[in-house]
Amino acid sequence: SALTLQKLNSESAKKAVVKLVEVQASLLDQIAANPGGRWSVASRIVVAMLKKQPALVQEYLDLAKASGNPGAVRVLQDFGVKSADQAATSRGEIIASYCEKLLGSKEKPSADAMAAYRRLANSVTHEEFAEKVLPAFTRVLRRVPEVAMTALTTFLADTPLDMSKYAAELQGHLVQQMR
């Protein structure tokens, strides 16, 4: 699928490109979910494809924003690590996807979905957390506490940030949910 996507003109074959990206991301989901899967090999292939066809990055970003697809999210984070010029743009969109798709869900997030955002949690800055993630957590905590608690515990376990700055704000919302 990577070779096909490299050869297709993303402008003239837009629908085909979108479908192939969806299929490729689904395959990446299956590889990531399989403990014996070869994520690093698959990711390297897709990242190399994205470097050769930068227009496909937007297709992956659109898929991640629209569906929160874990395969698309993971490969975008791998691509962002290896391509500093694209990192800032895709990072902001990945954070938005996390807030909208994972936190905004009415159902508990799957382990695969939470694992896809692990690198994000591990590298989030205080500014990103305070401006984007924390408001999303507090909003979801009021609406769907089960989703927020699951996502919050996973996020806090994965982030190296000193969360004492945010304890007072989180504490009030958490105490309300315990009542």
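Me: At what angle do H2 and H3 pack, and how far apart are their axes?
Reply: In this predicted model, helix H2 (residues 14-33) packs on H3 at an angle of about 155°, and their axes are 9 Å apart. Because angles over 145 degrees count as roughly antiparallel, H2 is roughly antiparallel to H3.

Me: Which hand does the crossing of H2 and H3 have, left or right?
Reply: The crossing in which H2 passes H3 is left-handed.

Me: And which residues meet there?
Reply: From H2 come Gln24, Leu28, Ile31 and Ala32, which meet Trp39, Ala42, Val46 and Met49 of H3. Sorted by class, the contact of H2 with H3 has 7 nonpolar residues and 1 polar residue, with no charged ones.

Me: OK, what about H3 and H4, how are they arranged?
Reply: Helix H3 (residues 39-52) and helix H4 (residues 55-67) pack with their axes 6 Å apart, at an angle of about 125°, and H3 and H4 are therefore oblique to each other. Val46, Met49 and Leu50 of H3 make the contact with Leu56, Val57 and Tyr60 of H4, and by class these residues are 6 nonpolar, no polar and no charged.

Me: Switching to the largest nonpolar core, which residues touch the most other members?
Reply: That core has 51 residues, of which Tyr60, Tyr98, Phe129 and Phe137 touch the most other members. Helix H9 (residues 126-143) supplies the largest share of this core, 7 residues.

Me: What does Phe137 touch, leaving out residues up to four places away in sequence?
Reply: On that basis, Phe137 touches Tyr98, Leu103, Phe129, Ala148, Ala151, Leu152 and Phe155.

Definitions and conventions. Residues are numbered from 1 along each chain as its sequence is written. This is a predicted model: local features need pLDDT of at least 70, side-chain atom pairs count only at pLDDT 80 or more; totals for chains, interfaces and linings use all residues. Side-chain values use heavy atoms; hydrogens and water are left out. Axes are lines fitted to C-alpha atoms, for helices over the stretch in contact, and angles run from 0 to 180 degrees between N-to-C directions. Helices (H or I, at least four residues) and strands (E, at least two) are DSSP runs, numbered from the N terminus. Angles under 35 degrees count as roughly parallel, over 145 as roughly antiparallel, 65 to 115 as roughly perpendicular and the rest as oblique. Contact means heavy atoms within 4.5 Å. Ala, Val, Leu, Ile, Met, Phe, Trp, Tyr, Cys and Pro count as nonpolar, Asp, Glu, Lys and Arg as charged, and the others, Gly among them, as polar. A nonpolar core is a set of buried Ala, Val, Leu, Ile, Met, Phe, Trp, Tyr and Cys residues joined through side-chain atoms within 4.5 Å. Buried means under 20% relative accessible area, exposed over 50%, partly exposed in between (1.4 Å probe, protein chains only). A crossing is left-handed if the near helix is turned anticlockwise from the far one by less than a right angle, and right-handed if clockwise.
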